[in-house]
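This report describes a structural model chain by chain.

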Amino acid sequence: MSLSLDDVQRIALLARIAIDPGEEQTVLDGLNRVMELIGEMQAVDTTGIEPMSHALDVTQRLREDVVSEVDQRARYQANAPAVENGLYLVPKVIE
Amino acid sequence: MNWEIVIGIETHAQLAAASKIFSGASTAYGAAPNTQASAVDIALPGVLPVLNKRAVECAIKFGLAVGATINRRSVFARKNYFYPDLPKGYQISQYELPIVKGGSLTILTKQGEKTVRLTRAHLEEDAGKSLHEDFHGMSGIDLNRAGTPLLEIVTEPDVHSAEEAVAYAKALHALVRWIDICDGNMQEGSFRCDANVSVRKPNAPLGTRAEIKNLNSFRFMEQAIQYEVKRQIEILEDGGKLVQETRLYDPDRDETRSMRSKEDAHDYRYFPDPDLLPLEVSEAWIEQVKGSMPELPQARYGKLIAYGLLPDQANQHMSSRESSTFALSAFTGASRNDIPSLSNWITGPLSAKLNEESLEFAQSRVTSEQLRRLVARIDDGTLSRKMAKEVFDAMWSGEGDADAIIEKRGLKQLSDSTAVEKIVDEVLAANAKQVEDYRAGKAKAFNALIGQVMKATKGKANPQQVNEILRRKLSG
Amino acid sequence: MLNSSLSELSAALAGGKLSSVELTQMFLARIARLNGALNAFITVDEERSLECARRADAARLHDAVGPLNGIPIAHKDIFCTSGVRTTCGSRMLANFTSPYDAHVVERFAAAGAVLLGKTNMDEFAMGSSSETSWFGPVRNPWDTTRVPGGSSGGSAVAVAARLAPAATGTDTGGSIRQPAAMSGISGLKPTYGVVSRYGMVAFASSLDQAGPMAKSAADLALLLNVMAGFDERDSTSLEREPEDYARDLDKPLAGLRIGLPREYFSEGVDTDVAARVCEAIREFETLGASTVEVNLPNTRLSLPSYYVLALAEASSNLSRFDGVRYGHRAAQYRDLLDMYCRSRAEGFGAEVKRRILIGTYVLSAGYYDAYYLQAQKLRRLVARDFAAAFGGCDLIMGPTAPGTAFPHGANTDDPVQMYLNDIFTIAVNLAGLPGMSIPCGFDSRGLPVGLQIIGNYFSEARMLGAAHRYQLATDWHARVPTETPL
């Protein structure tokens, strides 16, 4: 199954990755090359096979409900592109 | 035209846990921005989630309380979308395999009792908050709330009016507080409802629905649904078409309005979160939780009714678990005759005092036992209602039990009839004029004489007894 | 000293023959001389490394110290290190300094090891050649016109060229074993869950596993003893009794049954590679092992299964890089949506973007069952193949990669050609099994060939023991690259 340019635009928006119109075809060709490889598995009959999500059959461990974290805002925000009054700043969010 | 209203409700209840669902950061409300956003909450590279046991326990409690199936194995999934208040770019939620499946809730409306079926309840994490005050044309992001544990409770489309929707929301609100899994604080966003509203002609397939968000009070919920139903019916009756969309209720204008529906048609790309393993809940754990659960509202209500209370009266004790506990503890060992009066004392004077001082039932200055003894003293004629109120106030101020106060203040009603007769005789002798007036047919004079007797006994005489004796003597 | 094993270095430090500061200076000097040509390190902080070394020397004076105290270790730049930037080979994180240490970094620090620097890698560990780094390609010391393999190419080259005594790597589909093979060193990917992933920038969470890279199996055992262990911050970290991974190093090979998968000797394997691997297996037989043919029929299908699962997980794992809380933010943008799209377009390189797009596509509405679910079912088939094979053997052996190091740029135009480098390694990640690569000779161009050893779950000690016996009998692992003589 191969992708179209429309698919590329749709998934690029979903993935929030800008693609220059000039690059679209190159990107599409690369994606289709990989999808060709992926397509190889379509022919396999997997009826009745249980999907495998994790390498080992173990279950979730639980933590006790204890507050273990202290405020480290200043250290965390040292990496932030824009902060003010302890808030991360982003272009206006429109509700 | 006859339209049927179909409503399904999704509620996000913030679970009563000290720490977040996947991190050790505090969930306390009102901290300075981002001071309760840990490395996991702000999604630093390399951090990983570990599930909070208390959150799971809350979900199990809820499932048991609504008679649902607790799935022995449930799975966390990622719901992928970009938003500045969603630091990982995905929300961890349960999708195909939620922890709670089915169940139902009984609600009380003007038409009587009704059962609302639940589809499911699943665990998920809350997002942060975008603050829109102007930061030079930018928005500010506070991630303190990110990762707060939520239980999303979803109903079947069993709700058919705004009134029923509110009754459901109130019943659910009472239940989650009752079983201690949510503080129910709607102002702080601990209990949030969304309503999926559609209308259809009877027996027609389901109509196009609108999801109304931001229903942060019961009143807004009622108004929003009423507005939305009217809007949908108007459009359909004008021959128009509805679009499936998310609408926001604006309480200032009392209307719902569409939220950016054009932006990418949501494609959340759910898949099982590889950082979390399947959640297994053992039979033993469920039994343990069951054992730790308080008696449920239905059972409590039944007990109150068994004490002979009317449904309305019984309901007044059901506003919280503590309230019903207090009432039942007061009723235990009380004489059957005293129960209606005890009930009135609890919902009346006692509740008024608690409200006045913002106290919970558990903190009441008058215990259920003290109240029971007070009412017993009214029943046996020791106290008049008026005197009882004085004793109650004294008890509230910590002067001790009713009997001690009665003793100390000499509040006992004079019920020794020879003593009362003696006083009546003295009063009749001293008020010849009134006696004459009464015998001449002036009824008012009788009341004046009673007043005199009461005065002479300093109010301790039983007015009914005085009445009887006086009438006998005057007719003699 | 530059060519010494970890136990030799440990003994030298313990005996007072040299200090950790002197040893660290020796390696820092070699890095200063050779890193320009090899580009194995992204960040080296000499002052900080020497400070670590001074602390290790001081600790030795009054405390009982472990075998790695004072020994310099290089970390792949995917492990978060507080105070030293962590780039993951990406422009996205070019200026990111983690406020915390990864579990693996903590464990080495607690063992007294010296943090020598952060090694170069394919961007976000997505590659098999170490060419996709924002900080430029890594060069193979056996032939600097060629790639060292990837994605842990910087770590492999640091060890191969003796810029570091040992290093850490991560392996999602072969990223420790394949560069170990192409660079002529030893590398081990443990059973999934043995080493905590906390603080390791995630590529594909259900497949990622950290492991050691060193000159010999004996060194790997010492390193794994430090790295392995339960960590409550990683839900997939396994709660197991601690074990000594060096316990089988002296165990003879008599009775060892080696399984040889038919599929690993047929599918487009370079003739020199096949010859060297067969010679190695004959050596194991000489040492007392026996061989048996096994089948891994779904080997070829592990490739599409892996690429669906790994890229789906990656597309979601990399969503946090949005330019809001850390990382690259575009200078110019119209609005919020534009800021996201441009920041991510500028911050990620072409291969990372390609993988995110594929991952997004296979998860998008309507395709989940056809791709993701089908891939998960194939994953089960791949795991069953191994379970069946281990019914008749103790270890599986074969080539690590179908070929030896290729020239820079040779596979950059065709992503699938690049992915085929991992055909023998990815199945191990899908099953969650331990796998390793050790040097077993050279091809006709003098490029190293790697022998892959795959074990059953938690059989790391057995694998290391077998590899060690082979390394006692051969000297391929002791060869120093021609372009970086001592």
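Contact means heavy atoms within 4.5 Å.

## Basis of the model

This is a predicted model, in which local features need pLDDT of at least 70, side-chain atom pairs count only at pLDDT 80 or more, and totals for chains, interfaces and linings use all residues. Residues are numbered from 1 along each chain as its sequence is written, chains are lettered from A and ligands numbered from 1 in the order in which they are written, and side-chain values use heavy atoms, with hydrogens and water left out.

## Ser186 of chain C

Ser186(C) lies in strand E5, residues 186-189 of chain C; strands (E, at least two residues) and helices (H or I, at least four) are DSSP runs numbered from the N terminus. Ser186(C) counts as buried because its relative accessibility is 0%, where buried means under 20% relative accessible area, exposed over 50% and partly exposed in between (1.4 Å probe, protein chains only).

Neighbours within four places in sequence aside, the contacts of Ser186(C) include Ala180(C), Pro212(C), Met213(C), Lys215(C), Ser437(C), Pro439(C) and Gln471(C). Ala461(C) is 275 residues away from Ser186(C) along the chain, and their C-alpha atoms are separated by 15 Å.

## Chain C as a whole

Chain C contains 15 helices and 11 strands. Of the 486 residues in chain C, 70% are buried. Among contacts in chain C with a separation of 6 or more, 77% join residues 24 or more positions apart.

## Chain B

Chain B has 15 helices and 18 strands. Its radius of gyration is 31 Å, whereas a compact globule of 476 residues would have one near 23 Å. Along the principal axes, the C-alpha trace of chain B spans about 95 × 55 × 50 Å. Buried residues account for 54% of the 476 in chain B.

## Interface of chains A and C

The contact draws 49 residues from chain A and 72 residues from chain C. Together, chain A and chain C bury about 5,200 Å², with 68% of that area on carbon and sulfur atoms. Met41(A), Met52(A) and Arg61(A) supply 15% of the area that chain A buries against chain C, more than any other three residues. Buried area is the accessible area (1.4 Å probe) that two parts lose on being put together, summed over both.

Key: Rg over C-alpha atoms; globule rule 2.2 N^0.38 Å.
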